[in-house]
Amino acid sequence: MLKKIIKGARKPSKSDPNDTSLYVFTPPAGRNPGLNVVVNHASRVGPGQQIPSPGGAGMVVATPPPMVSIESLPLFRDVPVSDRQNLFLRKLQVCCFLLDFSDTTKSVREKEIKRQTLLELVDFIQSGSGKITETCQEEMIKMISINLFRCMPPASHENTGQEVGDPEDEEPYLEPSWPHLQLVYELLLRYVVSSDTDTKIAKRYIDHSFVLKLLDLFDSEDPREREYLKTILHRIYGKFMVHRPFIRKAINNIFYRFIYETERHSGIGELLEILGSIINGFALPMKEEHKLFLVRALIPLHKPKPIAMYHQQLSYCITQFVEKDYKLADAVIRGLLKYWPVTNCQKEVLFLGELEEVLEATQAAEFQRCMVPLFRQIARCLNSAHFQVAERALFLWNNEHIVSLIAQNRNVILPIIFEALEKNIQSHWNQAVHGLTVNVRKMFLEMDMELFEECQIQYTEKQSRAKEMEEQREWTWKRLADVAAERGGEDMVTA
């Protein structure tokens, strides 16, 4: 009995389906490299089981033994159709070897073999010459994971002692292994978009864990990689409906961390591009979850300093929300006012451009709810010493829809901005700003002469009161100075 127990203890256990030991560079000591290892999994076929071929005939496919080195394999067209699934698995094993690209003279032959093998795999999936089995799909996603999911190099400001600079001014890091990575991304993209890919099977391997790791890669500094990731994630969102809420939540979490913790992330623009398309497809009436996403994630994205890197995409998303549901305009405009920059003039110009797009989609009722705080801010922009800010604010009057909203509510708006217009005409240093202000002033005069004259009278009275107060202040100081001179400083306390 004891001998049986000892013998049982020596029996090897079945391999873990997530075990990457199949892709080691050298076999463990004592193992025969030619030993045929088969990995069994609940969703995989075991050795000797029948797998239906595309033609309907059954065929036997066993997982090939692990490879100990990169070797050139025959082309798919050079082997019988019945052997192509097995050859597909062997080619995947070749692509599981990771090579050092820091030295261009190292492993040149192996790099070329892997590149050619990846090209063949992409062509095989794209051509649809044979529907790949479930085993092949699982092994392919494993290979893709081994190649893509890696540690990112530290950013230039990390662990170097350098001060954190403007991300826009930094040179992007280009991934040296891109010749291989690009083909791995291309393979994943072709697999996802293929009409032969059954989502019910594919979702077992492209699961939540896989999607999260893909999202982590959006922080890559290489713009080529982020472009591929954007396309692939968008396709996954479109094809795998079961993943949609999870993807939206995961993107939310990336935004929260960026806004409130790091203020550094390379892929915010690409994520917003994906969201722009997603928002465009939201059904009406809009779910409360989507409105919360706008208020809690998108509007606070106006806060970080490097907004210029992704503002175009952010502005598109915000405008999409307002165009979908015009009642959101008030919340959006008040959100912009909440995060309005105080000392960053370039950021202020961006805000004014976005404000114009939002106002263009705003209806009269929503405009009336926020017009008082809005035009107080616009008045401050009109008097900005930075000519681009003042000029961009005056350009709002070139928009017919905004002018019509202003005309309907001129009794409230003109008294708020009249003083700012007069100050520009009297003292702004920039001639272009001066000329635009004259045009806006003339527009109000033609719009409602009686209201304009009333505002002018109020402004003149206010100026007169201010002048009287200034004269009174000067007279008071003069009296104090005269009294001090008469006393000759006799009552002054000296230290």
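**Close-up 1. The buried residues of helix H7 in the predicted model.** Helix H7 spans residues 208–216, and here we look at its buried members: Phe210, Val211, Leu214 and Leu215. Because these residues cover an arc of only 140° around the axis, they sit on the same side of H7. What lies over them? The cover includes helix H4 (134–148) and helix H5 (178–193). Also among the covering elements are helix H8 (223–239), helix H9 (244–262) and helix H10 (268–280).

Close-up 2. Is Arg248 buried or exposed? Its relative accessibility is 14%, so Arg248 counts as buried, the cut-off being under 20%. Setting aside neighbours within four places in sequence, you will find Arg248 in contact with Tyr237, Glu289 and His290. With Tyr237 there is also a polar contact: the two side chains are joined at 2.7 Å.

**Close-up 3. Thr319 and its polar partner Glu357.** Our last stop is helix H12, which runs over residues 311–324 and holds Thr319. Thr319 has a relative accessibility of 8% and therefore counts as buried. Which side chain does the side chain of Thr319 meet in a polar contact? The partner is the side chain of Glu357, at 3.4 Å.

Definitions and conventions:
Residues numbered from 1 in each chain as written. Predicted model: local features only at pLDDT ≥ 70, side-chain atom pairs only at ≥ 80, totals over all residues. Heavy atoms only, no water. Buried < 20%, exposed > 50% of the residue type's maximum accessible area, 1.4 Å probe, protein only. Helix = DSSP H or I, 4+ residues; strand = E, 2+ residues; numbered from the N terminus. Arc of directions from axis to C-beta. Contact = heavy atoms within 4.5 Å. Polar contact = N/O pair within 3.5 Å; in protein donor to acceptor, adjacent residues only side chain to side chain.
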